[in-house]
Amino acid sequence: MNRASLEKRPEEMAAMFDDVAPKYDIVNDILSMGQTRRWRRIVVDAVGAAPGQRVLDLAAGTGTSSEPFADAGVNVVACDFSVGMLKVGKRRRPDIDFIAGDATNLPFADNSFDASTISFGLRNVMDPKKALREMLRVTKPGGKLVVAEFSHPTFAPFRTVYTEYLMRALPPIAKKVASNPAAYVYLAESIRVWPNQDNLSAWLTEAGWDSVAYRNLSGGIVAVHRAVKPLDGGGTATASATAGTSATAVR
């Protein structure tokens with residue numbers, strides 16, 4: 001896949017991430033100029049999970065976003081549709097539960113998690129609005145949602161420079177350091193067509209989340225969105241009697 005749109009085939013996306021899995025974290029650090037790890041620390045702080053609580057880390061990939069939770073004594077479940085990415089993570093952190101699953105049809109029961117989070121993965125989901133509703137379903141009433149995603153720089157001149165970097169500089173850099181440069185052409189294009197901060201906030205509200213707010217990082221290159229599940233459950237839970245029975249653990 002080398003063209004981006006808001007319509008994606010899950011099998012193609014999974015295959016693409018399977019292919020880049022071995023060097024994914026290293027390449028991300030290079031292309032973000034070391035900012036990725038700082039952004040992930042901010043996400044962990046925003047979730048604010050206490051030891052013993054259960055957190056869903058969706059689109060967890062190799063688990064770099066899950067590790068800080070596990071290190072703090074949080075019962076984190078790393079879920080992703082790329083088995084290749086999950087296997088890389090499981091080899092590094094066998095103590096973390098890595099579960100293969102589709103963000104639009106999560107293999108977990110209603111109200112299973114104290115908090116849910118997804119970092120830099122929502123734009124890769126075939127139906128991101130449905131994924132937001134699924135995260136609402138599996139989160140306990142009063143539980144948090146934290147979404148970190150690439151967004152739109154707030155300073156117009158910088159936004160132009162940033163777009164030029166994405167579309168012109170990023171692919172050549174990726175050719176030198178990545179096993180599948182086409183995947184990073186997709187990355188650049190998917191960021192460019194992704195909704196801005198206010199539009200994503202509207203999606204969260206539409207999905208049933210309350211207290212929606214966001215914080216811009218690095219001038220708006222990234223936005224961290226926060227929300228809370230209503231105490232009445234939000235009225236969107238649609239779990240079946242077999243919810244939570246189809247999870248596939250990665251070993």
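**Stop 1: an arginine and its partners**

Select Arg93. Leaving aside neighbours within four places in sequence, Arg93 is in contact with Glu67, Ala70, Asp71 and Phe98; contact means heavy atoms within 4.5 Å. This is a predicted model, so local features need pLDDT of at least 70 and side-chain atom pairs count only at pLDDT 80 or more, while totals for chains, interfaces and linings use all residues. Residues are numbered from 1 along each chain as its sequence is written, and side-chain values use heavy atoms, with hydrogens and water left out.

Arg93 sits in the loop between helix H5 (83–92) and strand E3 (97–100). Helices (H or I, at least four residues) and strands (E, at least two) are DSSP runs, numbered from the N terminus.

Now show the side chains. Arg93 makes a polar contact with Asp71 at 3.0 Å, side chain to side chain. A polar contact of 3.4 Å joins the side chains of Arg93 and Glu67. A polar contact is a pair of N or O atoms within 3.5 Å; within protein, one must be able to donate a hydrogen and the other to accept it, and residues adjacent in sequence count only if both atoms are side-chain atoms.

Is Arg93 buried or exposed? Arg93 counts as buried because its relative accessibility is 14%. Buried means under 20% relative accessible area, exposed over 50%, partly exposed in between (1.4 Å probe, protein chains only).

**Stop 2: the sheet**

Switch to cartoon view. The protein chain has nine helices and eight strands. An open sheet of eight strands runs in the order E6-E7-E5-E4-E1-E2-E3-E8, with mixed pairing. Two strands pair if DSSP finds at least two bridges between them. Which strands are at the edges? They are strand E6 (210–217) and strand E8 (248–249), each pairing on one side only.

Pick strand E2 (residues 75–80). E2 and E3 pair in the parallel sense over four bridges. Select Cys79: its bridge partner in E3 is Ile99.

Next, colour two helices. H6 packs on the sheet and touches strand E1 (54–58), E4 and E5; its direction makes about 145 degrees with that of E5. Helix H9 (residues 197–207) also packs on the sheet, touching E5, E6 and E7, and its direction makes about 155 degrees with that of E6. Axes are lines fitted to C-alpha atoms, for helices over the stretch in contact, and angles run from 0 to 180 degrees between N-to-C directions.

**Stop 3: aromatic rings**

The structure holds five aromatic pairs. Select Phe108 and Phe113: this pair is edge-to-face, 5.1 Å centre to centre, with 90 degrees between the planes. Rings of Phe, Tyr and Trp (its six-membered ring) pair if their centres lie within 6.5 Å; planes under 30 degrees apart count as stacked, over 60 as edge-to-face and the rest as tilted. Phe108 counts as buried at 6% relative accessibility, and Phe113 is buried at 0%.

Move to Phe120 and Phe150. Their pair is tilted, 4.9 Å centre to centre and 45 degrees between the planes. Both Phe120 and Phe150 are buried. Ring pairs link Trp39, Phe120 and Phe150 into a cluster.

**Stop 4: a valine beside the cluster's residues**

Finish on Val222, in strand E7 (residues 222–228). Val222 is buried, with a relative accessible area of 0%. Not counting residues up to four places away in sequence, Val222 touches several residues, including Trp39, Phe120 and Phe150.
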